[in-house]
Amino acid sequence: MRGTIVLDTHDCAGKRSLRSHLRRAVSLTALLTAVAFATSSAPASADCTTGGSGCLPANGYSSHDIWNCGSIRSGTNCPYGGGSRIDWGWGSASDDGSPDAFVCVVGTGYFSGCSFDLARACFAASCDDQDALQFTLYVNHTYASGRTISGHGYW
Amino acid sequence: MQPKATILRLLVLGGCATAVTTAALTTTAPADPKPERSPALAAPAPRVGPVPGFTSAQWRSLAREQLEVLEEPREAAADAVPASIRSQPLFADGAVELAAAREVAPGAERAWIAPSADGTAVCAFRTGAVACPSVARLTVTGLAPGVNGRYGEPFHVWGIAGDDTSSIVLIEADGTRVAVTVTDNFFDVETDDWPRGMTWTGPEGAESFEFPADGAW
């Protein structure tokens, strides 16, 4: 199920008004929500190379990739590079779909971070001194149906 | 079940003008009753969709309305994010508006809350971890849970809770229920094992969330 909410606030866009309308709209959406599952999936694929246009800054990092997992089922792990082991870096999982999803980024055995919409995490505080580690970086999500999730890693 | 579309139009008569709320719902047929790995949410939280037409300023205003910590004047020195945090690559793309951050957990486990750069989300962050739930979610459910874990450390169940949120409980792996304290709209509870879920009372009443099993490691 996918739901969208459109608010036409006209000239009544005060804080209290916005809050009231948003709540009312989403409450109705929740009442009408039916859990559904989708089965589509797609392999991860890098679409950003080091220093390429649109890449985030990668100071001190030798590689930087964003991989789009396509629409994956709830709980399906989407690894970078098909599960290749990497030795240092950090990860990010993001979802800009609607309604929002709970996303996780995991460096297997070393770190994980989960949140609605956007989660970023690494193992060491500076995120760049993990050269003694070996882990697989993957993202997943929890949402009733298939969602498109992007992973993002530096190493 | 065949896909179907339902359009609801709710006319809300406010004090100053008429507002039109439209919820467009599309339901697809369930193809598989069980997710591959993670358990389905026992009690799905209300779905939060986009609100086209909202400006960044409106989102920010809504966020301030939900979170007292963002409404209060910022103390430049006390709330400043130190360079050791600002320089971390997690923040290098400017996704978090560090200049508007409020420190919410002083001490050894320092943490901050700040708007996202585009204003549509609010971020909780500390060294090596960022969580940015949407303002819409916070408005509707009153709380956005997150988990962060590192090898050799306990899990941190952390996140942002709205001003109108109360009775927050963490359900640990063994079923133990732990009351969660909120300070400056922020909570952070340490637990040895991957948590099971959370319950709370939000603006719309009782809410619950079950953490996905796959987020552990």
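Colleague: How many helices and strands does chain A have?
Modeller: This is a predicted model, and the assignment below refers to it. Along the sequence, chain A runs β-α-β-β-β-β-β-β-β-β. The count for chain A is one helix and nine strands.

Colleague: In which strand of chain A is confidence highest, and in which is it lowest?
Modeller: The mean pLDDT over chain A is 59, with 45% of its residues at 70 or more. Two stretches of chain A fall under 50: residues 1-17, with 60 contacts beyond four places in sequence, and residues 23-59, with 105 contacts beyond near neighbours in sequence. By strand, the highest mean is 92, in β6 (residues 111-116) of chain A, and the lowest is 23, in β1 (residues 2-8) of chain A.

Colleague: What share of the contacts in chain A between residues at least 6 apart in sequence joins residues at least 24 apart?
Modeller: Chain A has 155 residues, and 53% of them are buried. For contacts between residues at least 6 apart in chain A, the share that joins residues at least 24 apart is 66%.

Colleague: What is the corresponding share in chain B?
Modeller: Chain B contains four helices and 13 strands. Buried residues account for 47% of its 217 residues. Among chain B contacts between residues at least 6 apart in sequence, those joining residues at least 24 apart make up 49%.

Colleague: Which residues have the most contacts inside the largest nonpolar core?
Modeller: In soluble globular proteins, nonpolar side chains tend to be buried together. The largest nonpolar core here has 80 residues. One of its most connected members, B:Cys123, is in contact with B:Val96, B:Ile113, B:Ala114, B:Ser116, B:Val130, B:Ala131 and B:Cys132, leaving aside neighbours within four places in sequence. The residues with the most contacts inside the core are B:Ile113, B:Val122 and B:Cys123.

Colleague: Why does B:Leu98 count as partly exposed?
Modeller: B:Leu98 is in the loop between α3 (83-86) and β3 (102-105) of chain B. A residue needs 20 or more C-beta neighbours within 10 Å to be buried, and 12 or fewer to be exposed. B:Leu98 falls between these limits because its number of C-beta neighbours inside 10 Å is 17.

Colleague: Which residues is B:Leu98 in contact with, leaving aside neighbours within four places in sequence?
Modeller: B:Val180 lies 82 residues from B:Leu98 along the chain, and their C-alpha atoms are separated by 26 Å. A contact requires C-beta atoms within 7 Å. With neighbours within four places in sequence left aside, the contacts of B:Leu98 are B:Val81, B:Arg86, B:Phe91 and B:Ala114.

Key:
Residues numbered from 1 in each chain as written. Chains lettered and ligands numbered in written order. Core = buried A, V, L, I, M, F, W, Y, C linked by C-beta atoms within 7 Å. Helix = DSSP H or I, 4+ residues; strand = E, 2+ residues; numbered from the N terminus. pLDDT = per-residue confidence, 0-100.
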